[in-house]
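I would ask you to look at the sequence and the structure together as I speak.

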Amino acid sequence: MALNDCSIWGCAKAPLSSFATFQPASSRLSMNLKHDDLGKCSKWRCCCSSVWDPSALTLVGDEKRVVNGVQVQITELDDGFHKDVNPRLKSLTANDLSSSRDGTKLCVAYKGLAGAYTEDAALKAYPKCETVPCDDFETSLKAVESGLVDKAVLPIESSVAGSIHHNYDLLLHHKLHIVGEVQLPINHCLLGLTGATKENLKFVLSHPQALVQCAMMLTDLAVTNIGVDDDTAAAAKLLALDGRRDIGAIASSRAAKLYGLDILAEGIQDDDNITRCLILARDPNLPEANGSYKTSIVFSLQEGSAVLSKVLEVFGMRNINLSKIENRPVKHHPVRFHDDSKYESVKYFDNLFYIDFEASMRNPNAQYALESLQEYTTFIRVLGCYPVDKTDISCSS
């Protein structure tokens, strides 16, 4: 299957997030756990660049466009274009979700093509798993819900780009559980065809965020940046198909091996970049009471952010560390009115708050903290309790 909707165009500056909407649950506390043997824990059941203007340049199929006076041609992607390429390059789409599997091997879904960084995260978490490419994050989560795959990888934040807001919204759209996290160092490589040199490159393909993250090197090379609105692995595949030695791509070292490309330079990112990915599954973990666990929750507050300090005290007074706080607007009810005797009706934005705290759900302090939290909330959902990733996250090549 050809790469779906892979638009390519000339230079850009900052990423746009697409946003999902949230329909609040009717119950005060959302409980999705399927197991009944959690003991005390059972009470809290777990439940870049900007997209550039496509009118500037769009290279699809066998079409030709002019970039800075030079004609560039990218041939439409075709499965099996290279003998050394992983034959399972067809991305899973929403129409494939009725498929069945025999369950003999752990299957992990991810967004992108083979060689994408999200696939690297899946293989770091489960080295012997079968990875399943999907067209988008939404499809990868639906694949888990349908039973087509066992787990999915969802990038949630980057040390360079910050939180991935769209993926936070997806956590509420699907009744899945966070069962793990992966801290993945991103090591960008400059790739080229055999015989190419970085000094002779005129164009460099990659995802817009990767182009921005490698801006210093690209400026030194004085090349034209061409954004691929999919992932870095798609850029590597496009380069392999095009066959021009004056075009390079920024992608992972594993993508270079998959698509038969040479690595012209490694570690070319301006700053160290570590992406935190979540592992999602249909069933939750059964955590121990002690140990290095992290719990993720989402909630809305009765009186909005005015009482957020009281929420923080709920955890602080029990010596529970918070490792992440993120807020997202409630899409269907963005504004709330509050009657105040002094100021009459007060209007403010309504938000959902995501918090990661460093404690197991079976820790008594965590139980008491969540009980206290209910006093201030209209909705709470436990997204998951999972082991902390303590592996070495050095970005060195």
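I begin with the largest cavity, which is lined by Ile156, Tyr168, Leu171, Ile178, Arg276, Leu278, Ser296, Ile297, Tyr354, Ile355, Asp356 and Leu383. A cavity here is a set of points, on a 1 Å grid over the protein atoms alone, where a 1.4 Å probe fits but cannot get out, and a lining residue has an atom within 4 Å of a point.

Two remarks on the source are in order. This is a predicted model, in which local features need pLDDT of at least 70 and side-chain atom pairs count only at pLDDT 80 or more, while totals for chains, interfaces and linings use all residues. Residues are numbered from 1 along each chain as its sequence is written, and side-chain values use heavy atoms, with hydrogens and water left out.

To return to the cavity, how much space lies in it? The value is about 60 Å³, a volume being the space filled by probe spheres set on the grid points, which are joined across faces, edges and corners. Rolling a probe the size of a water molecule over the atoms shows where empty space is left.

Which elements supply the lining of this cavity? Helix H3 (165–173) and the strands S15 (274–281), S16 (293–301) and S20 (351–357) each give at least two residues. Strand S20 has the largest share, with three residues. Helices and strands are DSSP runs numbered from the N terminus, a helix being H or I with at least four residues and a strand being E with at least two.

Let me now step back to the chain as a whole. The protein chain holds nine helices and 21 strands. Of its 397 residues, 53% are buried, where buried means under 20% relative accessible area, exposed means over 50%, and partly exposed lies in between, with a 1.4 Å probe and protein chains only. The accessible surface of the chain comes to about 17900 Å², and carbon and sulfur atoms account for 48% of that surface. These areas come from the Shrake-Rupley method with a 1.4 Å probe; for residues, only the protein chains shown count as cover.

I turn next to charged pairs. Side chains of opposite charge can pair when their charged atoms come close. How many salt bridges does a search of the whole structure find? The search finds 12, a salt bridge being a side-chain nitrogen of Lys or Arg within 4 Å of a carboxyl oxygen of Asp or Glu.

Arg276 and Asp356, both named in the cavity lining, meet through their side chains in a salt bridge of 3.2 Å, N to O. Because Arg276 lies in strand S15 and Asp356 in strand S20, this pair ties together parts that are 80 residues apart in sequence. Both residues are buried. They also belong to a network of salt bridges that links Glu157, Glu181, Arg276, Lys294, Lys324, Glu326 and Asp356.

A second pair joins Asp169 and Arg328, at 2.9 Å from N to O. Asp169 is in helix H3 and Arg328 in strand S17 (residues 322–329), so the pair connects parts that are 159 residues apart in sequence. Asp169 counts as buried at 7% relative accessibility, and Arg328 is buried at 5%. In a further salt bridge, the closest N and O atoms of Arg244 and Asp246 are 2.6 Å apart, and both of these residues are buried.

What of the cysteines? With a disulfide taken as a pair of cysteine sulfur atoms within 2.5 Å, the count is zero. Cys189, for instance, has its nearest cysteine sulfur, that of Cys214, 9.2 Å away. Cys189 is buried at 0% relative accessibility, and Cys385 is buried at 1%.

Finally, I would point to the backbone. Most residues other than glycine have a negative phi. Ala222, however, has a positive phi of about 55°; this residue sits in the loop between helix H5 (215–221) and strand S12 (224–228) and is exposed, at 65% relative accessible area. Asn319 likewise has a positive phi of about 55°, lies in the loop between helix H8 (308–316) and S17, and is exposed at 72%.

Methods:
1 Å grid on protein atoms, 1.4 Å probe; cavity = no way out; pocket = protein on both sides within 12 Å on 5 of 7 lines; lining within 4 Å.
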